[in-house]
Amino acid sequence: MEKLQSLTAHRLKELIEKGDVRPSNILSDLFDRIKALDGKVKAFVRVNKPDAAEADRVNKAGKLAGIPITIKDNICVKDEETTCASKILADFKPPYDATVIKKLRAEGAILMGKSNMDEFAFGSSCETSCYGPTKNPWDLERIPGGSSGGSAAAVAADETILALGSDTGGSIRQPASLCGVVGLKPTYGRVSRYGLIAFASSLDQIGPITKDVEDAALLLGVIAGHDEMDSTSVDVPVPDYKRSLVKDVRGLRIGVPKEYFIKGLDKEVEDSVRGAINVLKDLGAKIVDISLPHTEYAVSTYYIIAPAEASSNLARFDGVQYGHRAKTSKDMIDMYIKTRSEGFGNEAKRRILLGTYCLSSGYYDAYYLKAQKVRTRIREDFDKAFGACDLVVTPTSPTAAFKIGEKMDDPLSMYLSDIYTIPANLAGLPAMSIPCGFSKNSLPIGMQILAKPFDEETIFRAAYTFEQNTEFHKQKPKL
Amino acid sequence: MSKTIDKTTVKHVAHLSRLELNDKELETYSGQLAAILSYIDKLNEIDTKDVAPTSHAIASLKNVFRKDVLKPSIGAKESLKNAPATEGDFFKVPQIIEGK
């Protein structure tokens with residue numbers, strides 16, 4: 001029989017429905033694979049061992065009946081350790097399920113464990129995790145991207161079927177690109193964040209990381225929707241995304257922003273993305289040159305807004321209600337200071353300092369308010385662009401995966417690796433990364449497709465058409 | 001916007017953040033934060049005089065209200081389960097008020 005761990009969720013669903021495969025067979029293949037490989041890849045921080053008999057009794061009518069899924073370690077699963085890969089949340093067992101977890105359980109998905117990430121999702125390489133870095137399955141000396149690097153690596157290495165990530169400035173799309181898989185950041189407000197441990201509340205979204213576009217559509221259909229527990233989730237109907245999986249891009253207007261093809265973009269990445277745009281053109285899409293003039297300000301804007309909101313969100317980690325507490329302290333304030341200084345890693349401290357500075361008295365207007373105003377300009381760029389096109393296509397990351405350790409001492413150069421993914425978060429837009437090529441060194445390259453708010457359907461249509469006409473998503477790392 | 005951030009300022013911000021930094025960390029962070037802030041300074045190139053700030057990217061969202069209805073919550077036992085120290089139905093912390 002073919003190895004079940006390498007199949008997609010939609011294919012396994014068919015096999016389960018036909019009675020050819022049982023969920024316990026999939027789990028058994030996956031756990032063999034994890035046992036053989038995860039010592040090298042280190043995608044997981046915790047692996048569950050769901051009971052085989054129980055897995056086979058799963059609700060067959062569910063949209064994900066019997067399909068295993070891996071969850072990023074910042075999403076709360078009731079009574080299962082959830083740490084954001086930080087010492088400060090050591091041993092934390094949430095007393096409730098995140099809304100996305102409730103939805104997954106209701107549709108019969110099997111939770112198989114927690115994946116590694118940058119501490120509190122602060123990073124683009126998975127190197128800031130308190131558990132140590134995850135490795136890129138395509139080259140174990142390279143980073144998998146971040147912050148959802150564990151989820152992307154687990155999908156790429158066939159150690160899971162599906163995965164959930166979260167994306168604040170590219171944390172789903174950049175690792176998906178660097179690991180050669182599909183990653184979607186939905187529209188801001190599309191998916192409930194109740195139970196997602198907050199990083200930057202005006203930017204965070206949960207989304208799918210999968211082996212192909214059809215699986216991403218399937219998984220988004222399960223997790224999307226309004227939730228009264230998240231007041232930022234938007235009350236609009238969730239379409240049947242399966243209907244967007246059509247092989248046809250004729251007449252679709254695809255915008256290519258000149259500001260994204262600039263100095264710093266690796267030649268191989270540029271060639272692959274331009275090649276992919278030509279594929280879409282040959283399939284009948286209309287390519288339009290567009291301009292997003294405020295692109296060069298996106299990273300600056302983000303590195304005010306995200307740390308500012310993070311410093312406020314992370315104030316709750318004080319050693320009182322959960323997680324780590326310093327052993328000895330003189331008084332209350334001393335307990336806070338010692339607990340936080342021991343519990344947070346370097347990047348978390350750097351962002352808390354930067355954010356606190358930008359929000360501190362006398363600086364709020366000059367930094368946070370200024371950044372929110374520039375954010376309006378960046379949104380307006382997209383509003384204008386979407387008058388002339390239906391989708392925007394860009395590279396996902398300026399380079400393929402870099403070496404472990406390469407950017408750890410230079411935070412600014414690490415921050416600049418998010419240059420193409422950050423604008424979608426600032427503007428709240430849906431954006432997907434799909435495989436579109438390989439470098440000479442056999443490292444995956446991704447292309448990013450952005451759409452208007454709540455128009456994930458058009459992204460699925462273009463991505464599905466591209467995928468059905470290319471073979472990039474079928475390549476597997478040699479492990 | 002100020003272009004640089006010195007060690008005194010970093011020390012002050014660390015205190016506001018309830019973090020303590022040793023001399024080496026102070027040195028490293030002030031250098032790195034200065035570099036980041038000088039990059040961020042680019043935003044001053046843009047005139048934002050009449051621009052409204054964005055706080056929620058999807059502009060159509062209105063303020064959210066709900067009915068004030070009593071619903072069951074997880075209760076003290078569950079709420080205290082993860083606490084580093086408790087006493088009875090309470091979180092226990094070091095002494096705050098001076099006295100015996």
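**A buried helix and its surroundings**

Modeller: Start with α2(A), where Pro23(A), Ile26(A), Leu27(A), Asp29(A), Leu30(A), Phe31(A), Arg33(A), Ile34(A), Asp38(A) and Val41(A) are buried. Buried means that 20 or more other C-beta atoms lie within 10 Å of the residue's own; 12 or fewer means exposed, anything in between partly exposed, and C-beta atoms are placed from the backbone. Helices (H or I, at least four residues) and strands (E, at least two) are DSSP runs numbered from the N terminus.

A word on the model and its numbering. This is a predicted model: local features need pLDDT of at least 70, side-chain atom pairs count only at pLDDT 80 or more, and totals for chains, interfaces and linings use all residues. Residues are numbered from 1 along each chain as its sequence is written, while chains are lettered from A and ligands numbered from 1 in the order in which they are written.

What covers the buried residues of α2(A)? The cover includes α1 (9–18), β1 (44–47), α3 (52–56), β2 (68–72), β3 (110–115) and α5 (149–156) of chain A. The helix α2(A) spans residues 23–41 and has a kink of about 40°, centred on Lys35(A). That bend is the angle between axes fitted to the seven residues ending at a residue and the seven starting there. After α2(A) comes Lys42(A), with a positive phi near 55°.

Ser147(A) sits in the loop between β3 and α5 of chain A. The peptide bond joining Gly146(A) to Ser147(A) is cis, with omega about 10°.

Now move along the chain to Val182(A). It lies in strand β5 (residues 182–185) of chain A. Val182(A) has 29 other C-beta atoms within 10 Å, so it is buried. Leaving aside neighbours within four places in sequence, Val182(A) is in contact with Ala176(A), Thr210(A), Lys211(A), Asp212(A), Val213(A), Ala216(A), Met432(A) and Ile434(A). Contact means C-beta atoms, placed from the backbone, within 7 Å. Val182(A) and Met432(A) are 250 residues apart in sequence, yet 7.3 Å apart in space, C-alpha to C-alpha.

Val213(A) leads on to a helix pair. Helix α7 (residues 213–223) of chain A packs against helix α15 (residues 456–468) of chain A at an angle of about 155°, with axes 9 Å apart. Axes are lines fitted to C-alpha atoms, for helices over the stretch in contact, and angles run from 0 to 180 degrees between N-to-C directions. The two helices α7(A) and α15(A) are therefore roughly antiparallel. Angles under 35 degrees count as roughly parallel, over 145 as roughly antiparallel, 65 to 115 as roughly perpendicular, and the rest as oblique. On the α7(A) side, Val213(A), Glu214(A), Ala217(A) and Leu220(A) meet Glu456(A), Phe460(A), Ala463(A), Tyr464(A) and Glu467(A) of α15(A). Those contact residues divide into six nonpolar, no polar and three charged. Here Ala, Val, Leu, Ile, Met, Phe, Trp, Tyr, Cys and Pro are nonpolar, Asp, Glu, Lys and Arg are charged, and the others, Gly among them, are polar.

Phe454(A) is not a glycine, but its phi is positive, about 65°. With 22 C-beta neighbours inside 10 Å, Phe454(A) counts as buried. Ser442(A) also has a positive phi, about 60°, without being a glycine. Its place is the loop between β10 (431–438) and β11 (444–451) of chain A. With 13 C-beta neighbours inside 10 Å, Ser442(A) counts as partly exposed.

Helix α9 (residues 298–313) of chain A packs with α12(A) at about 130°, axes 9 Å apart. That makes α9(A) oblique to α12(A). Their contact residues divide into nine nonpolar, two polar and one charged.

Arg379(A) is found in α12 (residues 365–388) of chain A. With 21 C-beta neighbours inside 10 Å, Arg379(A) counts as buried. Not counting residues up to four places away in sequence, Arg379(A) touches Ala427(A), Thr54(B) and Ala57(B).

Definitions and conventions:
Contact = placed C-beta atoms within 7 Å.
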